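Me: I would like to learn how to read a protein model, starting with its sheet. Please give the general idea each time, then the case at hand.

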Amino acid sequence: MAAALSLKVSPPRQLLSRLPRDANVTWRLQALPPQANAQAAPWQTPPGSDPRAPSPWGCLTMSTIASAAVSVATKTLTVTAAAATATSDNRAPPQGGVLEGSNPSKYDPSNPIILFIIQVCLIVIVCHVLHWPLSKIRQPRVIAEVIGGIILGPSVMGHIPGFRDAIFPKASLPNLNLVANLGLVLYLFLIGLETDVRFLVSNWRVATSVAFAGLALPFGLGCALAWGVYHAFREDAGIKPIEFQVYMLFIGIAIAITAFPVLCRILTELKLLDTSVGVITLSAGVANDVVGWILLALCVALVNAGSGLTALWILLCCLGFMLLLLYGVKPALMWLLRRTGSIENGPSQGIISLILVLCLAAAFFTGIIGVHVIFGGFMVGLIIPRDNRFNIRVTEKLEDLIGAIFLPLYFTLSGLNTNLGLLDSGTAWGYVFATTIVAMLSKIIGASIAARYSGMVWRESFSIGVLMSCKGLVELIVLNIGLNANILSTRTFTIFVVMALLTTFATTPIVSVLYPPWYQVKIAAWRRGEIDWDTGLPPSDTDESTKRQASMKRVGRLLVYLRLDSMPSMLNLLALFGGAPTTDSARAAEDGEIEPVTDNSVLSDNPKKPVWAHGVRLLQLTDRDSSVMTVSQVAEYSKHDPVVNTFRTVGQLHHLAASGEVGIMPETRFAEALATKATKMSSDLVLVPWSETGGMGDSQILSSATVDDKMASSYGAFVRSVLESHEHNIAVFFPLGDGADGKDKMSERAKLNRQYSISHMKEDMPAAPQALKPYHIFLPYFGEEDDKLALVLVLQLCEKSKATATIMHITAHAAGASSSGFEDLFDVAEAKLPAETASRVKFERIAGPTTMEELIQHGSAEANSGDSKSQNLIVVGRSGGSKLDEGKLSHSTREELRNCLGSVAGHFIAGGVRADLMVVQSRRVAESS
């Protein structure tokens, strides 16, 4: 039987003197290999002898062993010392990386950045790939991030041998957790910036009732559900022993809380922010969110505290810190921001650094007193000023990094901690469905009943209840806090994550069915008393004389689509709708409403009311939080928007009752937004300018694209979508006056850019431009339905301004297939036009067939009849002249151009006529009724 031998051997001094001071020497004793003759060592027992017999070499055994040990150690130390001496000149570790054969996916605690980059890139790519199809069905990004984590976690990719150990080893997860939690603190700071308590204050009555009912009932049912969850999974591994009361409080919060950030984005996607449903839901969501965070802070304090008295002290410290932020830090910060001009000019880099230090300092304090660090960031976000959109400007500085990197890491970690394989029993799946049903139905029932008693109809009330049941981001934050505090096991965490995904995923489609756009329009018209609820139609009027008067009715309500690139030409055109002020003009401008007049015909010479021109500037909704925040503060944003303010000011100078607003939504819904707004304000005409930049982007930088390039851009699809709405009169304004000499102007701009610089400008200044002469308008009248509206519009543009007009009646066929009503309209306008207007309007007739070539020649002659300072406008009906023969045209017209603006307008544009163009489409009475 071999005996263990322990030796303490001191190396020779001569050997120690040859070692460098920093040499790391390992002393070891190893057996020598047997000799070739296989002779036994002296201390070994000979083969075949009794091992219990005394060894004849017993007296030499210890000395022999000691001598051999010293010999081996001496040789080993000699080799080690030599190697240490050889490497002493290059003490840095090898830096060749993969060139020296190192594995980049192997986790190195001393250099964790390599694997961290791999993890971050993989997470971001997977999340974006998943978000692309989910965004098509209007699902928020958090759904893709959590599903991506589930795919990368043990539920899917974890079944691949070696995947988890190679990409997400346990030793690397603390680094991911650290970065993700830092991002979470900053994101809660953004949520605090986004939370506007003014919504709660302005709608406190209905918001309080909906928020209380939508919080109390789910919280009570969640507490009841907690009893079953607590006893069903209390034996799971990883759970901290906790009292049932604290566990019940946490489960109740998880069931009752509402995700305010996701809720705001869903309301924006569904265009409900400016509706009663959106306002009530947003206000109740703010109240629900604030109360939910307070309850969560209480729960965390109870978990971390050893006794109830400690928990009380924690809450008092938290309350005192909040009061310090409100009455100490906020006034000082406000003074500093005003002193540095940051409120007016936006935050500088130093101010952003100061705000971030405040956020992290508050997170540090709430963390050390026993409340989670996220509450400190949320508190600082609440005290940031809202003046002049300062909170939105701060958000714009931070949101891209947080949304692109930090949040995907945090919510993907939630998916990595989710293991669907643990749902391996009927009990587990039963609680999945139970939590989902309780979370949705309790919210829907509680909030819907409160909304119904606040004056909403049942369909609106149910929509509010479904919206309040959205969980999303906030629910996952609560669940992760519970998992890290060992309140929840991995199995219960997975159950509630699945519940959060299902409730968030179901919100958008259910609300789309309950509260579709057509229902919103119908209930709004019904509340205004414009329609009968059962039939959905306004009272019909079949009196022919009334219809004839309506056919000559001037435009009293004008909806204008405002664009920065087309503002100069649009303002020149809008000046034609103005006129001399009346006694009621000031009051009309203040009220924003135009009262109906008894005689509003263009053939009447009675005093006319000013035109109400309402401008709408539409901006694209992006996936940034600042964009959603701008939507929630769109009323304040509209007051300070320079384009809207310019429109208001110029409109009032031209005696228009001008008003304006800003709308923020996806570009695909711009056309629908204009149609909806036109219906709400009962607009007589929707005026849409063509893009000067050739695209949907609203920019002041003009492009050098040709007319054909502009027509082939995406803006043409938008105009076609607008024209597909046959319920409104629509005019598309295409400024072409500078199209012929566009290249000369571009070269002139290039010449100016070369000559002017920051340090040098030409001393000779250009002469002041002369005032432009009044418009001259040319209308080819074919007798179609759109031409009727065009005729009335031309007469109205001439009645108050000094504009002149030529109205040319053209018969496309010798037999004259036009209806007699439109023929009579031309005759009536020629005979009964007031003398003041008739002196500036010339009526002409062309009998017999007319080709498109001859029409373009007439239009060019009218455009060139004045001098270079005159402004020319051609007004055409979209459906007119479609049957004209082309003649011998020298140009070709794009098919999409004719389909968009009509045949006549397409040939005028392709023919290069130097005049602005307005294409008019009349509403279809048969379709609208």
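**Reading the sheet, the helices and the rings**

Reply: The open sheet has 10 strands in the order β3-β2-β1-β4-β5-β10-β9-β6-β7-β8, and the pairing is mixed. The model is a predicted one, where local features need pLDDT of at least 70 and side-chain atom pairs count only at pLDDT 80 or more, while totals for chains, interfaces and linings use all residues. Residues are numbered from 1 along each chain as its sequence is written, and side-chain values use heavy atoms, with hydrogens and water left out. Helices (H or I, at least four residues) and strands (E, at least two) are DSSP runs, numbered from the N terminus.

Me: Which strands are the edge strands?

Reply: In general, strands of a sheet pair through backbone hydrogen bonds, either parallel or antiparallel. Here two strands pair if DSSP finds at least two bridges between them. The edges are β3 (657–665) and β8 (841–846), each of which pairs on one side only. From one strand to the next, the twist averages 20°.

Me: In which sense do β5 and β10 pair?

Reply: Strand β5 (residues 730–734) and strand β10 (residues 916–921) are paired in the antiparallel sense, over five bridges. Within this pairing, Ala 731 is opposite Val 920 in β10.

Me: What does helix α35 touch on the sheet?

Reply: Helix α35 (residues 852–863) packs on the sheet and touches β6 (775–781), β7 (804–810), β8 and β9 (871–877). Contact means heavy atoms within 4.5 Å. The direction of α35 makes about 165° with that of β6. Axes are lines fitted to C-alpha atoms, for helices over the stretch in contact, and angles run from 0 to 180 degrees between N-to-C directions. Helix α37 (residues 903–910) lies across β5, β6, β9 and β10, and runs at about 150° to β9.

Me: How do I read two packed helices?

Reply: Two packed helices are described by the angle between their axes and the distance between the axes. Take helix α8 (residues 204–232) and helix α9 (residues 244–256): their axes cross at roughly 130° and come within 7 Å. That angle makes α8 oblique to α9. Angles under 35 degrees count as roughly parallel, over 145 as roughly antiparallel, 65 to 115 as roughly perpendicular and the rest as oblique.

Me: What is the hand of the crossing of α8 and α9?

Reply: The crossing of α8 and α9 is right-handed. A crossing is left-handed if the near helix is turned anticlockwise from the far one by less than a right angle, and right-handed if clockwise. By class, the contact of α8 with α9 has 17 nonpolar, three polar and no charged residues. Ala, Val, Leu, Ile, Met, Phe, Trp, Tyr, Cys and Pro count as nonpolar, Asp, Glu, Lys and Arg as charged, and the others, Gly among them, as polar.

Me: How do α11 and α15 pack?

Reply: Helix α11 (residues 276–304) and helix α15 (residues 374–383) have axes 11 Å apart and pack at an angle of about 150°. This makes α11 roughly antiparallel to α15. The crossing of α11 past α15 is left-handed. Trp 293, Leu 296 and Ala 297 of α11 make the contact with Ile 374, Phe 375 and Phe 378 of α15.

Me: How many aromatic pairs does the count give?

Reply: A pair of aromatic rings is described by the distance of the centres and the angle of the planes. Rings of Phe, Tyr and Trp (its six-membered ring) pair if their centres lie within 6.5 Å; planes under 30 degrees apart count as stacked, over 60 as edge-to-face and the rest as tilted. By this rule there are 13 aromatic pairs. The rings of Trp 690 and Phe 734 have centres 5.3 Å apart and planes at 40°, so this pair is tilted.
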